[in-house]
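Subject: Handover of a structure and findings

Dear colleague,

Please find below the structure that I am handing over to you. My notes on it follow directly after.

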Amino acid sequence: MFTLTTPLTQLEHADLIRRLRELEEAYQFKHNLIQESAYASLLKNDRRALHRACAEALERSYPNELDEHAALLAKHFAEAGDDAKTFEYARRAGDAAFRVHALEEALMHYDTASLLAARLQISVADILHLHQQRGRVLEVMGRYEEAVDAYRALEQLGNTRNEPQLELGALLSLATLFTFPNPAQNLDESLRANQAALQLAREIHDEPSEARALWNMQEHAYFSGRAGDAIRYSKQALEIAERLELRELCAYILNDASRALVTAETVPSALNALAQAREIFRGTNNLPMLVDNLSTTAETAHIGGKIEMSLDFAHQAQELSRTIGNIWNLAYSSAIELTVRAQQGETRQGFELCTQTTRLARQSGFFVAAYISDVVRASMYGELGVPLRGIELLKQVAHKDSFFFMEGWRLGTIAFLYLSHHMLPEARTAIQELEAIVRWDDLSTLGPLFIALCRAELALQEERFADALKETRALLERLRPLEIQDFVPEILLRQGRAHFGLGEWDAAERIWEQAASVARMTQTRFALWEILAASSDLASTRGNLQRAQALKQEAREMIDWLTEHAPEEFRESFLSQEKVREIRD
């Protein structure tokens, strides 16, 4: 029986090939030119036969690992002239590459499969999968216009061939693309595409697509500022996905529903949904969605006051993002760490993260991260005594580069910066602008929170203490059932000031003790020093000079810490603020 042992030994002795010690029965040509010459000497039919033999040997040897060898199988079958097999393995190679975020490689394989699909009798399911996956790769690469064109072409193909499944798939992909924050986001187009998709899915009794359409409606509702509607759609989508045992779709729904759960149910329910989704993404090795889940968990933990957990997940997301080359989620996780560092008073590191986040956002097309960077940078300017610089920055953020979901944060920050500089007429105007665009019943935009906080601060500066108390109480009544801790120290600080202004000293002391506890837990240091300073003033007013001095010393130490962790260029402006000087003198 013929074996390869003798000819291989002869070639090795002739110094044309060498055995690879690290691999069993593997050889390599000693020079590329030798390989090219040997390959060129083969007759065309012989080459094809050898490529087919290699491909079939791989199929026999690795029947349970075909995806791992799909790229090589596609190459061998292509050289063997087998278009059908080449299509199958090129598609599988694209899927395998996409799962590990090898985007250029995935796109190359999908392009190969697309060329072959035009001349083969391919099933509707395979055509749909190929075009949707290729479009999704383009999205993740930040090539949104090309992705839209790809989905439009699929929609047209469905119309031409009278294949409703193709049209439905295209509509779903377009709806998803137009819904999520990216340069192509268009909520009107998203709603149009998704309503058409939902109707078509129900007409042809395609329940998996119906579930996906409901998932899209969930996200459209959320990004339109309707968290309650988002939860309603998510429950409908989950009912179908769970009944049909579509585990990965369940993970997508749970992952994205978490954002709405924060403001419609509780932070713990959102973290629980994220944990369920994360288990599925790990199990399916869906690394792009796993890293998105890690970033979203970091964001949610921060909102719930779980600072160490937030940083841990943000760092996990950053590490995995770098490993798989996912710049979009690297920008996202950096933006979350930035918000945490700013809250901690780590402003020197915060400004460095601003620069990093903005750069990554521009690279990836995830402009929301750049938006977050600008807003947080402006807030840090305010804390460090240069609020006008923050106002100027946020006024330069073009409205076309923002969107409804973020406008509440931007306008609210502008209003608060005006108040910190005691520019009351300008603050009132900013608050009115904010009130005009915000749905008061939906906290997901942060707008209602900023409205109440700014109204309370304005009332305090105008010595309308009862109004300030009313605003802070109403806001805390909304946040406490949700277990949201973000901004709670700042709200309690102002509630205590309202009680103090009304002469309700016991209530002020109790509130400020609670505020200091929450500020320490959430590491909200800028608010903490002001809480300590206010508590010191109260103790002094009540004649408890020893307690007043101890609280004042603690506030001084906090100011010293914040100064040490601020960029040198802002230390003087921070320390020259009247409220800071009063504590240090």
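I begin with Leu244, which is located in the loop between helix 12 (227–243) and helix 13 (247–264); helices (H or I, at least four residues) and strands (E, at least two) are DSSP runs, numbered from the N terminus. Leu244 counts as partly exposed because its relative accessibility is 31%, where buried means under 20% relative accessible area, exposed over 50%, and partly exposed in between (1.4 Å probe, protein chains only). Not counting residues up to four places away in sequence, Leu244 touches Glu207 and Pro208, a contact being heavy atoms within 4.5 Å. Between the C-alpha atoms of Leu244 and Ala211, 33 residues apart along the chain, the separation is 9.9 Å.

Please note that this is a predicted model, in which local features need pLDDT of at least 70 and side-chain atom pairs count only at pLDDT 80 or more, while totals for chains, interfaces and linings use all residues. Residues are numbered from 1 along each chain as its sequence is written, and side-chain values use heavy atoms, with hydrogens and water left out.

Overall features

The chain contains 30 helices and 2 strands. Its C-alpha trace spans about 105 × 60 × 40 Å along the principal axes. Of its 585 residues, 53% count as buried. Among contacts between residues at least 6 apart in sequence, 60% join residues at least 24 apart.

The accessible surface of the chain comes to about 27,100 Å², and carbon and sulfur atoms account for 50% of this. Accessible areas come from the Shrake-Rupley method with a 1.4 Å probe, and for residues only the protein chains shown count as cover.

Charges

How many positive and negative side chains does the chain have? There are 63 positive and 86 negative side chains, and the centres of the two sets lie 1 Å apart. In this count Lys and Arg are positive and Asp and Glu negative, whereas His and the chain ends are not counted; the place of a charge is taken as NZ of Lys, CZ of Arg, CG of Asp or CD of Glu.

A patch of negative charge on the surface is formed by Asp537, Glu578, Glu582 and Asp585. Patches are made of residues with over 30% relative accessible area and no salt bridge, with like charges joined within 9 Å and nonpolar side chains (Val, Leu, Ile, Met, Phe, Trp, Tyr) within 5 Å. Asp585 belongs to the segment after helix 30 (578–584), and Asp585 is exposed because its relative accessible area is 66%.

Salt bridges

The count of salt bridges comes to 38, a salt bridge being a side-chain nitrogen of Lys or Arg within 4 Å of a carboxyl oxygen of Asp or Glu. One of them joins the side chains of Arg52 and Asp82 (3.3 Å, N to O). This pair links distant parts of the chain, with Arg52 in helix 3 (residues 44–61) and Asp82 in the loop between helix 4 (70–79) and helix 5 (83–99), 30 residues apart. Arg52 is partly exposed at 30% relative accessibility, whereas Asp82 is buried, with a relative accessible area of 16%.

Glu59 and Lys85 also form a salt bridge, in which the closest N and O atoms are 3.0 Å apart. Here too the pair links distant parts of the chain, with Glu59 in helix 3 and Lys85 in helix 5, 26 residues apart. Lys85 is partly exposed, at a relative accessible area of 26%.

Within helix 5, Arg92 and Glu88 lie 4 residues apart, about one turn of the helix, and their side chains meet in a salt bridge (3.4 Å, N to O). Arg92 is partly exposed at a relative accessible area of 22%, as is Glu88 at 27%. Elsewhere, Asp506, Glu509, Glu513, Arg542 and Arg547 are linked in a network of salt bridges.

Which residues does Arg91 touch, not counting residues up to four places away in sequence? Arg91, in helix 5, touches Tyr110, Ala113, Asp126 and His129 on that basis. Arg91 counts as buried because its relative accessible area is 16%.

Asp95 is likewise placed in helix 5 and is buried, with a relative accessible area of 11%. Leaving aside its neighbours within four places in sequence, Asp95 is in contact with Tyr110, His129 and Gln133. The C-alpha atoms of Asp95 and Phe465, 370 residues apart along the chain, are separated by 62 Å.

Yours sincerely
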